Amino acid sequence: MVNLPAYQHLVKRFSDSGTTLVAVSKLKSVSDILVLYNAGQRDFGENYVQELVDKAAVLPQDIRWHFIGHLQRNKVKYIAPFVHLIHGIDSEKLLIEVNKQALKVNRTISCLLQIHIAAEETKFGLDETELTTLFQTLQDSSFQTAFSNIRLEGFMGMASFTEDTSKVRDEFKRLAALYTDYRVIETPRAQLRYLSMGMSNDYEMAIECGSNMVRIGSLLFGAR
Ligand SMILES: *Cc1c(COP(=O)(O)O)cnc(C)c1O
C-alpha cells in the first residue's frame with residue numbers, strides 16, 4: 001500500500017531545504033511506483049539490476065533511476081544506458097567499469113562514492129584510507145582518460161542499524177565532515193554536491209547532520 005499522505009508530507013518538508021527524495025521501490029510493484037509517479041515523484045531507487053531493468057522498460061521514460069544497491073562489475077552494462085545516478089561506488093575498479101560502459105553508450109554517468117560509516121562489517125563502502133587513495137587517483141592527470149565518462153557527484157552512506165541514536169548521529173556527522181573536506185578538493189571529474197544519507201527510520205537525523213538526499217522506502221511503500 002502506497003502511503004500518499006506520508007509522501008505529501010515529505011515533499012512539503014523537503015521543498016524548502018532542497019533535499020532530494022529518492023523513493024526506494026525495490027521489491028515493490030510497477031503499479032505502486034505509478035501511484036507515486038502520478039503524484040509527481042520522479043526519483044526512484046532500486047537495489048537489484050534485473051529488477052531495475054525490467055521496471056525501467058515498462059515505466060515512463062522521464063523517471064530518474066537511482067541504483068542504490070551493491071553493484072557487481074559484470075552487471076554495470078545493463079544499467080549504463082539509462083541509469084541516472086549510481087550511489088554505491090565502492091572501488092576504483094567499479095568506477096573504471098562504469099566509465100567503460102558509459103563510454104560505450106556515449107553517456108556521462110553520475111556516481112556517488114559509498115563510504116563505510118557503520119560499525120557492522122557487512123555494510124559495503126570505502127574506508128577513509130581507500131577514499132584518500134581513490135581521490136589521489138582522480139587527481140592524477142595520467143588517469144583522466146579512465147574517468148572521461150563519469151562524474152563524481154557526492155558521497156553515500158548507511159548508518160548502523162541500532163536503537164542507539166547517538167551512535168547513528170556520530171556516524172552521519174563523520175560522513176558529513178568527510179563530505180565537507182572533500183568538496184573543496186578540485187579534480188576534473190569530481191564536483192561533489194550530493195550527500196546521500198538517511199532512510200525511513202533515520203532521515204530526520206540525517207538531514208539534521210547535513211544530508212541533502214534521502215532514500216526512503218518502507219515509509220512510502222509499506223513494509224517489504
Ligand atoms: C532499502 C534501502 C533503503 C530504503 O530503506 P527503508 O528503510 O525502506 O526506507 C535505502 N537505502 C538503501 C541503500 C537501501 O538498500
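Q: Which helix and which strand each supply at least two residues of the lining of the largest pocket?
A: Helix H7 (165-183) and strand S8 (213-216) do. Helices (H or I, at least four residues) and strands (E, at least two) are DSSP runs, numbered from the N terminus. Keep in mind that this is a predicted model, where local features need pLDDT of at least 70 and side-chain atom pairs count only at pLDDT 80 or more, while totals for chains, interfaces and linings use all residues. Residues are numbered from 1 along each chain as its sequence is written, and side-chain values use heavy atoms, with hydrogens and water left out.

Q: What volume does the largest pocket have?
A: About 860 Å³, a volume being the space filled by probe spheres set on grid points joined across faces, edges and corners. On a 1 Å grid over the protein atoms alone, a pocket is an open set of points where a 1.4 Å probe fits, with protein on both sides within 12 Å along at least five of seven lines; lining residues have an atom within 4 Å of a point.

Q: OK, the ligand now. Where does the ligand sit?
A: In the largest pocket, meaning more than half of its atoms lie within 2 Å of the pocket's grid points.

Q: What about polar contacts, N or O pairs within 3.5 Å?
A: A ligand oxygen is 2.5 Å from a side-chain N or O of serine 200. For asparagine 47, the side-chain distance is 2.8 Å.

Definitions and conventions. A polar contact is a pair of N or O atoms within 3.5 Å; within protein, one must be able to donate a hydrogen and the other to accept it, and residues adjacent in sequence count only if both atoms are side-chain atoms.
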